[in-house]
Amino acid sequence: AGIETQFGAEKAPRDLAIQFLLRKQGKPEVIVAGRPALSDAETRAVLGLIDLSKAPRPKVVDFSFRVNARINGGDPDPTRAFEPKLVDPFRALLDRCAASSTADQVAILRTWAREQAIPVVAAGASRADPKFEGVVNLGRTLAKLDLNRPLDVAALTERNPDYWRAMLEMTPGDTLVLVVRAALHASNGELDQARRLADIARPFDANKSATSRLLGEFLALHSLLSKGIEARMNQGIELHDAGKFADAITVYNGILLENPASAWTIYEQFHSRRAELLEQKKTIDEAHAGWPEARAAILKADPLYPTLALAHGREEAFQVLRRAEINTLFKDPSKTQADLLAYADIARDLGQYGYSSPIYWFLLTRFDPKGRAGRDVVEDFLYGFEQLGIKDLKDNFKGDHAAAFARIDADRKKRKEEGPASKFTADPEPDPTSRPAAKPDK
């Protein structure tokens, strides 16, 4: 009403925007901008309409919003910037992230998870309708976390019955459980795992919830981190390919100092060390002596990393070949549903049920049955629960689950024993010169 009175006699077309930032702690902030710019007198008049003593205090996170007014139809040039420039707080965070070092970008993502994503999800979930017991319990658990300490993400998610119950209770298109787990990994600095979970959530997200906003924020921030790391990794790979192995290792060590949980960097670091040792006339066994530690670090950083250097025996060979299939997926958008199903099958074969079961569930509830190639994936996602020790949720579904689980086990065993991995009855002889392409899938 005050704005209408203030500008009631205005003849020219113009836009007015008032941006508010309400803080959990500290004073609120107000910016008045115009298109074209307001005079000093007009700015003072608008600010005089605002009584910040009555502003609410956010309880969970800082909150920003704008009041917009189009006067006489608004500025005829809607592309013209407001004066002064208006930048919403998240856009400002993105700009700061883009200008930051890798270490600072990792810190920004960890802080975002601890101060934005987890508190928002915890507050929303804990206040859900009590009949959604899994959602409420998960929210209350998140609200009690000490986010300044390392988190046991597996215990909070895939080994937690409330996590899976919450997944079954959510409206189709709300990817709460995957966003929760991604945020928990991000809080720990485990950003490869967080990114893989976010990429899984993206095709199933209906973009209609608070978790949709958080998913978009994480992907936007992580893309800036990925861009910087990729540029540095390419530098290291060029040095490796030029035979400058020590220099390549120096590049990789620098990245790992700032982002220790980078599976790609650990992988390339191993290959450069191996090549350096072979150049020093070390034996193949000596050159490969560090592989078990490197393999463990890679899979800790990203359990679905698509490329591994060596396989010992038939089981590891089977896993290496299954991992390689990940990089063949998601090349054709028209095959996304089929690729997601194949992705879930690979994750299950690798024992990564915290990744496979959500995909099966979302395929069941969100996508066209035709995309599942006629498969009834109910037993597939229940199988994951069983392997994780969540024994009671299957009782909510009809069927002979024991028989279905036995079929799944038998199918995996048959494919391992009759497929390409079957030729590996002993450790395969490694190729001392090879370095399979290992750039992470997108």
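This is a short walk through one protein model, from its overall build down to a few single residues.

Okay, hi everyone. Before anything else, keep in mind that this is a predicted model.

Let's start with the whole thing. The protein has 442 residues, and 47% of them count as buried. If you go through the secondary structure, you'll find 19 helices and 3 strands. The C-alpha trace spans about 85 × 60 × 40 Å along its principal axes.

What about charges? There are 63 positive and 63 negative ones, and their mean positions sit 3 Å apart. And for contacts with a separation of 6 or more, 67% are between residues 24 or more positions apart.

Now, one helix I'd like you to look at: α9, residues 191-201. How many of the residues of α9 are buried? The count is 11 of 11, so this helix is largely enclosed by the rest of the structure. Have a look at the names, too: the buried residues include L191, L197 and I200, but also D192, R195, R196 and D199.

Next, the surface. F63, F65 and V67 form a nonpolar patch there, with about 260 Å² of accessible area together. Take F65, which is in strand β3.

Which peptide bonds are cis? One of them runs from R35 to P36, with omega near 5°. You'll find P36 in the loop between β2 (29-35) and α2 (40-47). Another runs from E83 to P84, and here omega is near -10°. P84 is also in a loop, the one between β3 (63-71) and α3 (89-98).

K281 has phi near 70°, and its place is the loop between α12 (263-279) and α13 (284-287). K281 is at 74% relative accessibility, and the cut-off for exposed is over 50%, so K281 counts as exposed. F330 has a positive phi as well, about 60°. Look for F330 in the loop between α15 (313-326) and α16 (336-349). With a relative accessible area of 31%, F330 is partly exposed.

Terms used
Residues numbered from 1 in each chain as written. Predicted model: local features only at pLDDT ≥ 70, side-chain atom pairs only at ≥ 80, totals over all residues. Heavy atoms only, no water. Helix = DSSP H or I, 4+ residues; strand = E, 2+ residues; numbered from the N terminus. Buried < 20%, exposed > 50% of the residue type's maximum accessible area, 1.4 Å probe, protein only. Patch = residues over 30% accessible without salt bridge, like charges linked within 9 Å, V, L, I, M, F, W, Y side chains within 5 Å. Areas by Shrake-Rupley, 256 points an atom, 1.4 Å probe, with all protein chains shown as cover. Salt bridge = Lys/Arg side-chain N within 4 Å of Asp/Glu carboxyl O. Contact = heavy atoms within 4.5 Å. Lys, Arg positive; Asp, Glu negative; His and termini not counted. Charge placed at Lys NZ, Arg CZ, Asp CG, Glu CD.
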